[in-house]
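Trainee: I am new to this structure. Could you show it to me and take my questions?

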Amino acid sequence: MRRALFDSLYTLRLEEESENGCVELCREPDGTRWTKLRLTAPGCQRECLAVLEPGVPVRLENGALELLLPWREGLPLRRWLRDQNPTLGQRRDACLALLAQQLELRGRLPFCLTALSAAPENLVNNGAGLLLQYIPNLQRWEPGITEAQAVRALTDVIYQVLTADEDWARRGCIPPEVRLLRLRQSAQGYTGWGQLQRDLAAIPDHPPQVGSTLRARARRAREVLRRIGPLLLRMLAALLLATALLSLAMAYRRRGGETQSAWPGMPQVGDQDLRSGEDGG
């Protein structure tokens with residue numbers, strides 16, 4: 001049955017190719033489309049065979065492992081963003097559907113296929129949300145790709161979906177809930193789908209308005225001033241006191257200097273030489 005399925009397929013186009021294998025888009029005579037992975041790297045073959053569920057069509061042909069995955073129908077991500085202009089909340093919900101797909105396939109596909117397929121160009125929207133088209137870049141395959149690596153790879157793609165073509169993102173006004181995804185992904189904080197799902201669900205329907213952002217910043221500034229205000233006032237009072245004392249000391253020195261120089265500065269008054277008076281005793 002499976003061999004008959006493979007034999008009935010014909011290739012529509014080649015999606016990816018490397019020394020580790022290739023990925024083809026194929027179609028049955030009735031129009032059903034499949035993604036066919038042809039894996040030639042022995043390590044990659046072993047990883048897939050160790051995890052694949054029994055229902056996945058698979059065969060070994062001329063030393064290459066071939067397996068079929070359903071082709072996901074839908075609008076490519078770029079076209080969906082352009083045509084629908086989705087809000088932040090709609091993007092969030094679409095990405096939650098993408099995570100639901102990953103949770104459904106967890107333990108049924110090797111993590112390397114998710115990690116190597118995670119790219120914006122491999123996302124489609126089927127009307128209910130985003131789905132990952134499994135077109136792995138087999139050139140980047142390496143042994144032992146973990147679930148954490150797959151989660152972080154998809155987190156990077158989700159962040160791009162949330163911020164793509166958004167004015168607020170170009171202005172740098174990224175909501176903290178969205179920024180958190182990037183921070184945790186950069187810090188390799190994600191190790192499973194659950195934490196990513198919780199962080200994604202916390203993203204608001206709309207980013208904060210510019211006015212509300214400025215008000216929030218002003219409120220935080222007032223709170224900081226309220227906390228450190230008494231200390232600043234004490235420091236300012238001490239500075240003013242020190243300045244006053246320094247000015248008083250300088251004025252006193254100037255006044256003393258003027259008093260001492262009054263006599264030496266007047267050697268002659270009229271026709272009388274005051275210095276001679278000193279000499280003459």
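Trainee: Is asparagine 85 buried or exposed?

Mentor: The model is predicted: local features need pLDDT of at least 70, side-chain atom pairs count only at pLDDT 80 or more, and totals for chains, interfaces and linings use all residues. Residues are numbered from 1 along each chain as its sequence is written, and side-chain values use heavy atoms, with hydrogens and water left out. Buried means under 20% relative accessible area, exposed over 50%, and partly exposed in between (1.4 Å probe, protein chains only). Asparagine 85 has 56% relative accessibility, so it counts as exposed.

Trainee: Where is asparagine 85 found, and what is its phi?

Mentor: Helices here are DSSP runs of H or I with at least four residues, strands are runs of E with at least two, and both are numbered from the N terminus. Asparagine 85 sits in the loop between helix 3 (77-84) and helix 4. Most residues other than glycine have a negative phi. Asparagine 85 is not a glycine, yet its phi is positive, at about 45 degrees.

Trainee: Which loop holds glutamine 188, and what is its phi?

Mentor: Glutamine 188 lies in the loop between helix 8 and helix 9. At 54% relative accessibility, glutamine 188 counts as exposed. Glutamine 188 is not a glycine either, and its phi is positive, at about 55 degrees.

Trainee: Why are the buried residues of helix 9 on the same side?

Mentor: In helix 9 (residues 193-201), the buried residues are Trp193, Leu196, Asp199 and Leu200. They lie on the same side of helix 9 because they cover an arc of only 130 degrees around the axis. That arc is taken from the directions from the helix axis to the C-beta atoms.

Trainee: Which helices do the buried residues of helix 9 pack against?

Mentor: Contact means heavy atoms within 4.5 Å. The buried residues of helix 9 pack against helix 4 (88-105), helix 5 (111-117), helix 6 (147-163) and helix 8 (176-186).

Trainee: Which residue forms a salt bridge with aspartate 199?

Mentor: A salt bridge is a side-chain nitrogen of Lys or Arg within 4 Å of a carboxyl oxygen of Asp or Glu. Aspartate 199 has such a partner at 2.4 Å, N to O, and that partner is arginine 184. Aspartate 199 lies in helix 9 and arginine 184 in helix 8, so the pair ties together parts 15 residues apart in sequence.

Trainee: How many disulfides does the structure hold, and how far is cysteine 112 from the nearest cysteine sulfur?

Mentor: A disulfide is a pair of cysteine sulfur atoms within 2.5 Å. A search of the whole structure finds 0. Cysteine 112 is in no disulfide, and the nearest cysteine sulfur, that of cysteine 44, is away by 4.8 Å.

Trainee: Which residues form the nonpolar surface patch, and what is their accessible area together?

Mentor: Patches are made of residues with over 30% relative accessible area and no salt bridge; like charges are joined within 9 Å, nonpolar side chains (Val, Leu, Ile, Met, Phe, Trp, Tyr) within 5 Å. Accessible areas come from the Shrake-Rupley method with a 1.4 Å probe, and for residues only the protein chains shown count as cover. Methionine 235, in helix 10 (residues 210-260), counts as exposed at 52% relative accessibility. The patch is Leu225, Ile228, Leu231, Leu232 and Met235, and together their accessible area is about 460 Å².
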